[in-house]
Amino acid sequence: MNKVLELEEVSRTFSSGVFRTHTVRAVDRVSFALERGKTFGLVGNSGCGKTTLSRMITRVLKPSGGRIRFEGEDIARLDRKGSRAYHRRVQIIFQNPEASLDPSMRIRDSLLESMAIHRLGESREERMEKIRAALGQVGLPDYLLSRYPHQISGGEGQRLVICRALLLEPEVLLLDEPTSMLDVSVQASIMNLLRELQERLGLTYLYITHDIELLGWISHTIGVMQRGRLVEVGSRDQVMEAPVHPYTRELLYSYTHWEGGGET
Amino acid sequence: MTRRRKQNIKLALVCAILGAIVLMTIFAPWLAPYDPLEVNMELRLLDPCRAHPLGTDALGRDVLSRVIYGGRASLLLAVAATACSMAVGLVIGVAAGYCGGIVDGVITAISNVFQGLPGMVLMIALVGVLERGTRSIILALVITSWVGFSRLVRGEVMKVKSEMYVEGMRCLGAGHLRIVLRHVLPNIRTNVILQFTTRVGRVVLSVAGLSYLGLGIEPPTPDWGEMVSGTARRYFRSAPHLLWAPGICIILLTLSINLLGDLLRDRLDVKQDAVKEL
Amino acid sequence: MVPDIEIQHLSVCFDTAQGPVYAVNDLSTTFRAGRISGVIGESGSGKSVMGMSLLRLLPNTARVTGKCFFGEDELYSMPLRRLRRLRGAAIGLIPQNPGASLDPVMKLRRQLTEAITTHGRWKRREAEAQAAELLRRFGFEEPERILNQYSFQMSGGMNQRLVSALGLACRPGWVIADEPTKGLDAVIRNQVYSVLRQIYTEHHCSMLVITHDLALARRLCDDIRVLYMGRIIEQGTAEEVMERPRHPYTAGLIRSLPSRGMVPIPPPDPGRLEHTGCPFYPRCPRAMERCGREAPGEVTLPTGGKVRCFLYE
């Protein structure tokens, strides 16, 4: 199936206030699809709803309207077994690597646990072997296994989180601002790693960020969100070079303006 | 001297004091020179002398032996009572904090009722009503103290639940039970351990208070609290030596338990050594 | 006359469980008044520590050696009372993370006026008028309404502008801006840039901008110093450093920008980790054998900039 993940008119409203009268539409009838092996980049500023959208895809939140389908099946209707399989095949990488790992557990135990949840590997030795292989894939040394999350750097942490995801042999990776807390040079190495992994393993990415520059480098398709709505969708070249919606133009201006270097 | 060395020295000191008290309690039968229950009316109220280094009390019993044995009842009782009340509080607190919603609402309502009850007064009433003995004391202590602890646990659980790694575990497909047992409980353990130590200290004092009122450990079992209360009114001027030995023991025990809790908390806090990114 | 800030042989060392760590390592430089000076570096470069050490705002665990001169006065040998009078009034700070730098339970009115009245110059009512004027300058259209609110009611961008206003409340001659665009998205970054530009042109403040945001440094700063592991390894005008970087680290850093190719700096070569020379030696693609033995000294380039690299000796 070429369309791995499909969003059909997905909406999410939040109500607050004493009588639940004040409602906010965080996500408003968003539709798009992820193509297998390709990267869909979702861009927008803080508060545009992209985080809410990602939490609906990971099933932490339920959509108020619309449907999300994974390989044709509605993810809101998965049974226990289907749901566990879903969480193995669709994984999320968060912004802050240190916060994504349990601070009281050593790295080795965190990695072993994710395999244990999905009952992968027959024995501890087999799991450790797979872990060492996965660490090699992301370019990390073995000695990190005995450390705690606060003892590793941001770049190493993010590679570890990616490694933990890879151990489960996923098909889709949801990347929610994975490099925004990292230094520029570390960001470059993580982005290159992601691209390499996509080519080698055929992974599908949904890359969410406020930095349209990054999407220009890694995406095949780009979607622009503003205040909960998807205001523009198109191929990478189309959106970056000939944007239609004024908000897209504003976002692009913010970045190209910088690279002009000079106007003081 | 680095912070760590200073910590280690303090820890060693506190453990030594606590260890001495605990060992004294365990090895009482071998350490005590006399039977603490042996009454000897001819030798009552003797001042400290060579035969009786801490003198004798109103019934002629050797004070030193009674002090050595005196920790047993208090300590055992305090540990048992604290453990029970914390077990109850832990389960209820985790349920309230993790489940949220209606479960939390109901538990909080019940907690409010219990919290409104006056602690010491209720304890006295309960012990007075039930038959005197250790079981009643433990029951009274549990009933009056589980609320505070469950509130604390609830708060900690809610904090951990909102952390990103818990959401991450849900996204990895982990079930609720696994999350509670392997991620929530270990991450609240530092505060729980600290609570245990402060509470044991407080319970020792509560039991001493109950004994003072005649509701605690039954005589003739030696107990520091009872020794303080039994002599306080009548003999503190004529025979002060009856007071200060058990009194100092209570102070040392409570202080060292509290300090141990503090130091353990500092040690267990894994992040303490990291140099924060400036 | 606004004085220059001069740093001489500054070293800042922290005691950790793993042993002593030098955040700043024998750093010497002069920040001239009347300009916007940029200090760029990644995490661990020591740039924030250097900035905080100018105001003696380091934690107690830090051991500082060396001297910092504010004009003729040496900051580490002056009594604390005098330093406090300098902080805020002569050297202002726009700290990192504005959300955390504002007191959430204090109304903004009090926070802004407190800064002004602390330096004893004006009474409260006048201070309030000044604060309102300052807010208006920073693009807040209804300063009275803002003064009555709390910091958590403001958005991230607004907080950044507020904190900048706070740093300038006493019209200091120097402003240190510590990571002004950290964690902010592109549109707000533009706003921050405009605000800082405005501060410079309208208030004639000399500025020291500490950032990891290379694009901001390029647009905003007159000259840039590049920090790596506690040492300045290159400095020059913003244009020279960003368009024609000399030091291999600077070149690598710029090439890792998304707009310049997203080429990462290679990881350290394990065979080179034990060395006594240049700090960048384990990762340097152009390293020579000499680089592993000796640490390079500072070389002045024909353009006037400086670089610490044997390639230019």
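**Helix α4 of chain C and its neighbours**

Modeller: Happy to! In chain C, helix α4 (residues 108–118) and helix α7 (residues 156–168) have axes that come within 8 Å and cross at roughly 30°. This is a predicted model, in which local features need pLDDT of at least 70 and side-chain atom pairs count only at pLDDT 80 or more, while totals for chains, interfaces and linings use all residues. Residues are numbered from 1 along each chain as its sequence is written, with chains lettered from A and ligands numbered from 1 in the order in which they are written.

Helices here are DSSP runs of H or I with at least four residues, strands are runs of E with at least two, and both are numbered from the N terminus. An axis is a line fitted to C-alpha atoms, for helices over the stretch in contact, and angles between N-to-C directions run from 0 to 180 degrees.

Angles under 35 degrees count as roughly parallel, over 145 as roughly antiparallel, 65 to 115 as roughly perpendicular and the rest as oblique. α4(C) and α7(C) are therefore roughly parallel, and their crossing is right-handed; that means the near helix is turned clockwise from the far one by less than a right angle, anticlockwise being left-handed. From α4(C), Leu108(C), Gln111(C), Leu112(C) and Ala115(C) meet Leu162(C), Ala165(C) and Leu166(C) of α7(C), where contact means C-beta atoms, placed from the backbone, within 7 Å.

Now the other partner. The axis of α4(C) comes within 9 Å of that of helix α5 (residues 124–137) of chain C, at a crossing angle of roughly 115°. The two are therefore roughly perpendicular to each other, and this crossing is right-handed too. Here Arg109(C), Leu112(C), Thr113(C), Ile116(C) and Thr117(C) of α4(C) meet Arg124(C), Ala127(C), Glu128(C), Gln130(C) and Ala131(C) of α5(C).

For context, chain C has eleven helices and twelve strands. Its radius of gyration, taken over C-alpha atoms, is 21 Å, close to the 20 Å that the globule rule gives for 313 residues, so chain C is as compact as a globular protein of that length; the rule is 2.2 Å times the number of residues to the power 0.38. Along the principal axes, the C-alpha atoms fill a box of roughly 65 × 45 × 40 Å. Among contacts between residues at least 6 apart in sequence, 60% join residues at least 24 apart.

Definitions and conventions: Two residues are in contact if their C-beta atoms, placed from the backbone, lie within 7 Å.
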